[in-house]
Amino acid sequence: MGEMRRWLAARGRLRFCLTIAAVIALTGACGALLLVPNSVLPKPGAVSADSVVGQARAAVGDPRLDPVRRTMEPFGELAAERVSTGDGAQSLVVGHPGQRRDMEVLAGELPGAVAAVSQVWGRDWAGSAVVVLTANISEFAGLVHAGADLPTEIAAASVADPFVPGTRPTGQRVVFGPDASARVGPDGLRTLLRHELTHVAARAGTVDGAPLWMLEGFADYVAQHGQGHRFAEIAPTLTARLRAGEPPRDLPADREFGGAGAAFAYEQAWSVNQFIAERFGQTALVDLYHRIAAGRLDAAGTDRILRETLGSGRAEFVDGWRGWLAHQVG
Ligand SMILES: [Zn+2]
C-alpha cells in the first residue's frame, strides 16, 4: 500500500489508474475491468491508499455496472470512474480506456449537470446516473436496447428498465454514441449530458407517447438553461426560417422529430419551452411538463391542460409563442 501511496503522490493528480493486474490483486474480481476511480480526493498526498482501494472496490461492486459490463466487455477493456454528484449520490462514468479523455470531460461535467437539472426539476430524482461512452454502434445499440436500425443521427440516449409509471425507474443510464464527442465537442457533450439527465430525472413522471414538443423541448430547455447561449446559437435552423419569413405554424408533431427535419423540430420544441419559462415562469413550465408528460393527449386534452396551467387554450398559446418568436431574431 505504501508503494501505491508514493506512486499516487508522484503522479500529483487526482485520478489514477489501476492496471488490470492490480485490480485483480486488490479486489479479486473483474478481470477485464480497468478502473479509474475519480476521486473526490482533494489532496492526493493526504489520501490513504486504503480509501482509494475502497473506491475501486465500490466501483467494481456497484451493481449498476453489471448490465453495462455484460454488453461492453466483448468490445474490449472497460474503464469505470465514480463521481460524487451531491447528497451522497455516486454516479458512474464507464467507457473503454481509449476514451479516457472524454470520460474525464463527462466526469468533470456531471456534478454541475446534476445540480442544473435539480435546479429546474427539483430534487425528487436519484441525483445520479450511469453515464456510458460507447466505442461502436453495436455497443451503443445494445446499451439502449435498440435494434440494428438505430438512427445514426442520434448522438446520445437515455434508457431505463421497464417500470410502473409513478415508481422510480431502475437501470437508468445515459449512453453516448461512438462519435458523439467528435461530432459535438466538449461544449456539446455538456449540453447532451444535461439533456439526457433531464430525461433521467423526469422519467418517473413521463409516459411513453406523451408529446415530444414537451419531452424533448423541456430537456433542451434544461440543457441550455443558464449557459448563456444566444437564440441563434441554440436554434440556427429556426432562426434562418424566421429570417426568411417562414415561422412555424403549429407545435412540432411527433413525426417531425426524426429524419431530415429533426433538428428543426428539436429547436422549435426548445423555443416553445423557453417561451413558456420566460412568459409564465419556470415553475409553470415544470407544472406543465408534469401534466402534459403524464399521458397521451389528443388536441382537446392538450387544450384543457394549457388552459388550466397557463390560462389560455391551445390556439391562443400557439399564437403567443409565434408572436414571441418574431421578436427573437433581428
Ligand atoms: Zn431527448
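Reader: Which residues does Phe264 touch, not counting residues up to four places away in sequence?
Author: Phe264 touches Thr237, Leu238 and Arg241. Touching, or contact, means heavy atoms within 4.5 Å. One caution: this is a predicted model, where local features need pLDDT of at least 70, side-chain atom pairs count only at pLDDT 80 or more, and totals for chains, interfaces and linings use all residues. Residues are numbered from 1 along each chain as its sequence is written, and side-chain values use heavy atoms, with hydrogens and water left out.

Reader: Is Phe264 buried or exposed?
Author: Phe264 is buried, because its relative accessible area is 13%. Buried means under 20%, exposed over 50%, and partly exposed in between, with a 1.4 Å probe and protein chains only.

Reader: Where does Phe264 lie?
Author: In helix H11. Helices (H or I, at least four residues) and strands (E, at least two) are DSSP runs, numbered from the N terminus.

Reader: At what angle do H8 and H11 pack?
Author: About 70°, with axes 7 Å apart. H8 covers residues 212-224. Axes are lines fitted to C-alpha atoms, for helices over the stretch in contact, and angles run from 0 to 180 degrees between N-to-C directions. So H8 and H11 are roughly perpendicular to each other. The cut-offs: under 35 degrees is roughly parallel, over 145 roughly antiparallel, 65 to 115 roughly perpendicular, and the rest oblique.

Reader: Which residues make that contact?
Author: From H8, they include Trp213, Glu216 and Tyr221. From H11, Trp270, Asn273 and Ile276 are among them. The contact residues divide into 11 nonpolar, 4 polar and 2 charged. Ala, Val, Leu, Ile, Met, Phe, Trp, Tyr, Cys and Pro count as nonpolar, Asp, Glu, Lys and Arg as charged, and the others, Gly among them, as polar.

Reader: And H11 with H14, what angle there?
Author: About 95°, with the axes 10 Å apart. That makes H11 roughly perpendicular to H14. Phe275 and Arg279 are among the H11 residues in this contact, and Trp321 and Trp324 among those of H14.

Reader: New topic. Which residues are the protein donors of the zinc ion?
Author: His195 (NE2), His199 (NE2) and Glu216 (OE), lying 2.0 to 2.1 Å from the zinc ion. Donors are N, O and S atoms within 2.8 Å of the metal (3.2 Å for Na, K and Ca); water is not among the atoms, so sites may look incomplete. Glu216 is also part of the contact between H8 and H11.

Reader: How are the donor residues spaced in sequence?
Author: As H-x3-H-x16-E. His195 and His199 both lie in helix H7, about one turn apart. Both are buried.

Reader: Last one. What is the mean pLDDT of the protein chain?
Author: It is 82, and 82% of the residues reach 70 or more. pLDDT is the predictor's confidence in each residue, from 0 to 100. Over residues 1-52, pLDDT stays under 50.
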